[in-house]
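Hello,

Here is the structure I promised you. Please open it first, then read my notes below.

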Amino acid sequence: MRQTGLVSRREMLLAASSVIAGGRIASAQWRQASPAPTFSADVNVVNVFVTVRDKKGNIVKDLTQEDFTLAEDGREQTIRYFSRESN
């Protein structure tokens, strides 16, 4: 006969698995119900910070604007402003 107030290991595992399963179901339902957030804006300038390393892992410091190409959705974009940062 089991004493009142004590929980067996089996009962503890069943309770924990029920909580985990319930959380997963609720999480899956929330993901299906809420669409992915989107953001759209007209932008004139985008900053793209790049670090280029050689095969040995050293930073390449002498690159110019002509060494880079930039594409958006497969279409090449013009790089209007270019500067090197040394920070």
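Leu70 counts as partly exposed because its relative accessibility is 34%; buried means under 20%, exposed over 50%, and partly exposed lies in between (1.4 Å probe, protein chains only). Please note that this is a predicted model, where local features need pLDDT of at least 70, side-chain atom pairs count only at pLDDT 80 or more, and totals for chains, interfaces and linings use all residues. Residues are numbered from 1 along each chain as its sequence is written, and side-chain values use heavy atoms, without hydrogens and water.

Leu70 sits in strand E1, residues 70–72. The protein chain has one helix and two strands (DSSP runs, numbered from the N terminus: helices are H or I with at least four residues, strands are E with at least two). Along the sequence the pattern is α-β-β. Of its 87 residues, 0% count as buried.

The largest pocket has a volume of about 1,400 Å³ (the space filled by probe spheres set on grid points joined across faces, edges and corners). Its lining holds 32 residues, and the closest to its centre are Val48, Phe49, Val50, Tyr81 and Phe82. A pocket here is an open set of points on a 1 Å grid over the protein atoms alone, where a 1.4 Å probe fits, with protein on both sides within 12 Å along at least five of seven lines; lining residues have an atom within 4 Å of a point. E1 gives the largest share of this lining, three residues. Strand E2 (75–77) also supplies at least two.

Best wishes
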